[in-house]
Amino acid sequence: MKTRMIATAFALAGTAASAQDLARSLPGAVDAVAPALAAYSAEDLFASVWNDEALPMRDRALVTFAALVTRHEADALGRHAELALDAGVTPAELSETITHLAFYTGWGNATAAAEAMAPVYESRGVTAEDLPAPDPDLLPLDEEAEAAREDTVQTNFAHVSPGVVETTRELLFNDLWLRPDLAPRDRSMVTVAALIAAGQPEQMTFHLNRAMDNGLTQEEAGAMLSHLAFYAGWPRVFSAMPVARQVFESRAN
Amino acid sequence: MKTRMIATAFALAGTAASAQDLARSLPGAVDAVAPALAAYSAEDLFASVWNDEALPMRDRALVTFAALVTRHEADALGRHAELALDAGVTPAELSETITHLAFYTGWGNATAAAEAMAPVYESRGVTAEDLPAPDPDLLPLDEEAEAAREDTVQTNFAHVSPGVVETTRELLFNDLWLRPDLAPRDRSMVTVAALIAAGQPEQMTFHLNRAMDNGLTQEEAGAMLSHLAFYAGWPRVFSAMPVARQVFESRAN
Amino acid sequence: MKTRMIATAFALAGTAASAQDLARSLPGAVDAVAPALAAYSAEDLFASVWNDEALPMRDRALVTFAALVTRHEADALGRHAELALDAGVTPAELSETITHLAFYTGWGNATAAAEAMAPVYESRGVTAEDLPAPDPDLLPLDEEAEAAREDTVQTNFAHVSPGVVETTRELLFNDLWLRPDLAPRDRSMVTVAALIAAGQPEQMTFHLNRAMDNGLTQEEAGAMLSHLAFYAGWPRVFSAMPVARQVFESRAN
């Protein structure tokens, strides 16, 4: 609640998601139980962080949504799905994010998210035609990168769990990652957000590199960390920062 | 959704849990919000993974149940308790799993699981006589293994937290682990599943070795990893795989 | 359920939170689904651990509350907020704990906690005047310690995420930590509890040292570990113990 951190709400003019939309993402009970938290939310989170141009508001909404799915915050998902749709994420992209996160954070997180979102889609008239098909034409596979990945996994784990090796190849890298309804850069972005939110920095090197190969800039990745500090907690982000540093430095050389 | 991953639902004939039972574990909202996720569920998870004979369906249901308790997925627990009971897990075993997981994943996860399961037990007519007693005759203690465990914990932590050292000995290893209503192999299996689902591979070496001492085969452990990838997310499993590899290799020598 | 672990409920006489209050924190369904868990709760957790004088009951209630907020156990938070208030935690302290944990375990955990607590505050007639103001007079800053902290973070992460570096300084260490409505020792205690409950021992060294600088004794820290084993699970505590050991030993030299 430092004055210097406060950005004016007027900075929001012109974006689809307004300060009012952001405020609606906060339950009314916060005012009654923790007025200080309500003030931090209004001044430092909604009026400041969400409007920091280092990461577009649409990306912030998608990253927040991915973090909430990962943390099984079903109670808040409906409100944040509304926010994401208002900020320009399409119903198809949100749907595909849920399917993606089933694999990256567990089936139950994704199915609970679907339950929370069904009323939102219904009230907005979203139907099956607006959503990704189960079997679309896939994007082309980067055969060389995939061969290198498969080789590493085979060498390390073929005798540990043949099932994991097979499903990772067939379902994830030769299928899910090639689905066209979420851009590879966005797919990587929600994957990294999920890893940070789940407290799995040890799995982040591969995916942050992939995200940056797919177009996420270093500035955007740094802004994601700053944004997720609010939604996943500072300690999760501080555990992810050394990994981000290492990735940034390895790519600079 | 690769055709080669699809097993026919007829493979389920003869087991108590049918493809229809599995399908009922998925909320209807998934169809409306993420049709692709519904298709992956039907084709790759229910018709394929659940029917992979590397791990019996009864074990898969118990492992899934343990993962959901650990992840506090109370919304899904009722459905999966039904599935486990249909697949041959007894009410006493599910009850004892909850008691066990109170110690291994926190009291609140276990008490929320009890709340989710009470209506299931009531509708099936399960009563106190069907459930493990608070003070049964205990299985015999392996004095030598326990002395080694206690010695390690005393040496490392007696001055850090005498309370932890004492309750670990008295409540866990001289009591909980000796309760007869869940076979030692199953007790170990749900413990390992909980550690994978909670993202604690650093605690897995001791318990995976204990599970294999108690009769879990390497093939079954590998199949558990493959199964849990769906329910806890691929990254949790990829963080557990190096530990599993080390345990398998250390036991082979 | 060892007899030697059982303390008499009469030891509770004279504290505001009685054995009856503790028993009310357990859902009734536990009796019906897992009678053994109900017995462990009554005999080993409520009658024994909660009454161990190594940590006052008021602190145990606050630590438990922090662990439940961190674990998003919204279903149990109302009951445990009642327990904390009966044990002498003030409404202002609970409110400030929620605001603090928004930063340390994520906004959604804190806002869900506020939703769970609103009915409790309403039924007890707690109003805005009883709660911490958004902008109170702050405690004095330890300039030297803060300069050292800022220097480390700048050196390591200024180029990784300038946003994290700035908000950590402005919102956390020059603001949140100086708010007067939760004693620094208690603020540190709930932070350490949150790190243990979230499975982040890698972030604990700084905060356990700070807690002990702020007055938490080694015996109290050890008792916290023992208490949290029940609420966060034994594995979380066993992953935290080596860090606690290292901190204790480094301070003894």
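Mentor: Before we look at the model, note that Ala, Val, Leu, Ile, Met, Phe, Trp, Tyr, Cys and Pro count as nonpolar, Asp, Glu, Lys and Arg as charged, and the others, Gly among them, as polar. The model is predicted, so local features need pLDDT of at least 70 and side-chain atom pairs pLDDT 80 or more, while totals for chains, interfaces and linings use all residues. Residues are numbered from 1 along each chain as its sequence is written, chains are lettered from A and ligands numbered from 1 in the order in which they are written, and side-chain values use heavy atoms, without hydrogens and water.

Trainee: OK, so what volume does the second largest pocket have?

Mentor: Its volume is about 480 Å³, counted as the space filled by probe spheres set on the grid points. A pocket here is an open set of points on a 1 Å grid where a 1.4 Å probe fits, with protein on both sides within 12 Å along at least five of seven lines, and its lining residues have an atom within 4 Å of a point.

Trainee: And which lining residues are the closest to its centre?

Mentor: Of the 18 residues in the lining, those are Asp142(B), Ala145(B), Glu146(B), Arg210(B) and Asn214(B). Two elements of chain B, helix H8 (143-157) and helix H11 (204-213), each give two or more residues to this lining, a helix being a DSSP run (H or I) of at least four residues. H11(B) supplies the largest share, with 5 residues.

Trainee: How many of the lining residues are nonpolar, polar and charged?

Mentor: The lining of the second largest pocket holds 10 nonpolar, 3 polar and 5 charged residues.

Trainee: Switching to chain A, is Glu146(A) buried or exposed?

Mentor: Glu146(A), which sits in helix H8 (residues 143-157) of chain A, has a relative accessible area of 10% and is therefore buried. The cut-offs are under 20% relative accessible area for buried and over 50% for exposed, with partly exposed in between (1.4 Å probe, protein chains only).

Trainee: How many residues of H6(A) are buried?

Mentor: In H6(A), 14 of the 15 residues are buried, so that helix is mostly covered. Helix H6 (residues 91-105) of chain A reaches 20 Å from its first C-alpha to its last, close to the 21 Å expected at 1.5 Å a residue, where the expected span is 1.5 Å times one less than the number of residues. Just after H6(A) comes Gly106(A), with a positive phi of about 110°.

Trainee: What about H12(A), how many of its residues are buried?

Mentor: For H12(A) it is 13 of the 15 residues, so the helix is largely enclosed by the rest of the structure. Helix H12 (residues 218-232) of chain A also reaches 20 Å, close to the expected 21 Å, and Gly233(A), which follows H12(A), has a positive phi near 95°.

Trainee: And what span should H10(A) have?

Mentor: The 14 residues of helix H10 (residues 184-197) of chain A should span 20 Å, and the end C-alpha atoms are 20 Å apart, which agrees.

Trainee: Which residue other than glycine has a positive phi near 55° in chain A?

Mentor: That is His72(A), and most residues other than glycine have a negative phi. His72(A) lies in the loop between helix H4 (57-70) and helix H5 (74-86) of chain A, and it counts as buried because its relative accessibility is 15%.

Trainee: Where is His72(B), then?

Mentor: His72(B) is in the loop between helix H4 (57-70) and helix H5 (74-86) of chain B. Although His72(B) is not a glycine, its phi is positive, about 55°, and His72(B) is buried, with a relative accessible area of 15%.
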